Amino acid sequence: MPKKVLEGTVCSNACDKTVSVMTERRLMHPKYGKYITISKKYLAHDEENRCSVGDKVTIIEDRPISKRKSWQVVYK
């Protein structure tokens, strides 16, 4: 089964080797037909602490690293 790949923006890098990435996707509301934006935050592993707030990054699904962290930064 292929791993999921998402693109997003780094919104926090306060923790060591961890960044918080916000992803956004647009979908049409089933009843009203209006496009809405849904955002979600993921914790991703950043081994070298290279990412800073505002960077556009790609994250890939990985094995569970901690309780909430199971994504890894591929590149920025």
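**View 1. Strands β2 and β3 of the predicted model, joined by eleven bridges.** Eleven bridges join β2 to strand β3, which covers residues 35–45, and the two strands run antiparallel. Strands here are DSSP runs of E with at least two residues, numbered from the N terminus, and two strands pair if DSSP finds at least two bridges between them. Within this pairing, L27 stands opposite I36 in β3. The two strands form a hairpin with six residues between them, and G33 in the turn has a positive phi of about 75 degrees. This is a predicted model, in which local features need pLDDT of at least 70 and side-chain atom pairs count only at pLDDT 80 or more, while totals for chains, interfaces and linings use all residues. Residues are numbered from 1 along each chain as its sequence is written, and side-chain values use heavy atoms, with hydrogens and water left out.

**View 2. The hairpin of β1 and β2.** Strand β1 (residues 5–12) and strand β2 (residues 18–28) run antiparallel and are joined by three bridges. V10 stands opposite V21 in β2. Five residues lie between the strands of this hairpin, where K17 takes a positive phi near 60 degrees.

**View 3. The closed barrel of five strands.** The order of strands around the closed barrel is β1-β2-β3-β5-β4, and the pairing is mixed. From one strand to the next the twist averages 55 degrees, an angle taken between the N-to-C directions of lines fitted to C-alpha atoms, on a scale from 0 to 180 degrees. The protein chain has zero helices and five strands, helices being DSSP runs of H or I with at least four residues.

**View 4. The largest nonpolar core, with ten residues.** A nonpolar core is a set of buried Ala, Val, Leu, Ile, Met, Phe, Trp, Tyr and Cys residues joined through side-chain atoms within 4.5 Å; buried means under 20% relative accessible area, exposed over 50%, and partly exposed in between, with a 1.4 Å probe and protein chains only. The largest such core consists of V10, V19, V21, Y42, A44, C51, V57, I59, W71 and V73. Two or more of its residues come from each of β2, β3, β4 and β5 (69–75). Leaving aside residues up to four places away in sequence, I59 touches K4, V5, L6, V21, Y42, A44, W71, Q72, V73 and V74, where contact means heavy atoms within 4.5 Å.

View 5. Residues up to four places away in sequence not being counted, T58 touches V5, L6, E7, Q72, V73, V74 and Y75.

**View 6. Confidence along the protein chain.** The chain averages a pLDDT of 95, and 99% of the residues score at least 70; pLDDT is the predictor's confidence in each residue, from 0 to 100. Confidence is lowest in β5, at a mean of 93, and highest in β3, at 98. Buried residues make up 25% of the 76 residues in the protein chain.
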